[in-house]
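Please look over the sequence and the 3D structure before reading on.

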Amino acid sequence: MLSHSLVSRSVQRTAAALLLALALFTPVASSHAEAPAAAKAAPTLTDSLTWDPSVRRGVLPNGVRWFVKKNAKPEARVSLRLAVPIGATAEADDQQG
């Protein structure tokens, strides 16, 4: 007959194996899940874009526009992106050349 400690270890191992199997085979919710039936229709070319409410924005006295968004990853890092409107796409019709 098995001792009490051996039975207890056997039960613990079985429980651990069951929990592991449950964790491995349980579906995880993803961002690619099916859209709900009442989902909004796809935007059209005439629709206006809306601002992400998590983005802070403003304009400096010299006209420079700024945007700030907090990102948790990567930790202990700062990222700066600078978009400068230059070139033919930023010129008025009388500035071409």
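Accessible areas are computed with the Shrake-Rupley method, using a 1.4 Å probe. By this method, the accessible surface of the protein chain is about 10300 Å², and carbon and sulfur atoms account for 61% of that surface. The model is a predicted one.

**Chain overview**

- The protein chain contains 1 helix and 2 strands.
- Read from the N terminus, these elements follow the order α-β-β.
- The protein chain has 97 residues, and 1% of them count as buried; buried here means a relative accessible area under 20%.

**Largest pocket**

- Rolling a probe the size of a water molecule over the atoms shows where empty space is left.
- The volume of the largest pocket is about 960 Å³.
- Its lining is made up of 20 residues, of which Phe67, Val68, Ser79, Leu80 and Arg81 are the closest to the centre of the pocket.
- By residue type, the lining of the largest pocket has 12 nonpolar, 6 charged and 2 polar residues.

**Arg57**

- Arg57 belongs to strand β1, which spans residues 56-59.
- Setting aside neighbours within four places in sequence, Arg57 makes contact with Trp51, Trp66 and Phe67.
- Lys69 is 12 residues from Arg57 along the chain, and the C-alpha atoms of these two residues are 8.9 Å apart.

Notes: Residues are numbered from 1 along each chain as its sequence is written. This is a predicted model: local features need pLDDT of at least 70, side-chain atom pairs count only at pLDDT 80 or more; totals for chains, interfaces and linings use all residues. Side-chain values use heavy atoms; hydrogens and water are left out. Helices (H or I, at least four residues) and strands (E, at least two) are DSSP runs, numbered from the N terminus. Buried means under 20% relative accessible area, exposed over 50%, partly exposed in between (1.4 Å probe, protein chains only). On a 1 Å grid over the protein atoms alone, a cavity is a set of points where a 1.4 Å probe fits but cannot get out, and a pocket is an open set with protein on both sides within 12 Å along at least five of seven lines; lining residues have an atom within 4 Å of a point. Grid points are joined across faces, edges and corners, and a volume is the space filled by probe spheres set on the points. Ala, Val, Leu, Ile, Met, Phe, Trp, Tyr, Cys and Pro count as nonpolar, Asp, Glu, Lys and Arg as charged, and the others, Gly among them, as polar. Contact means heavy atoms within 4.5 Å.
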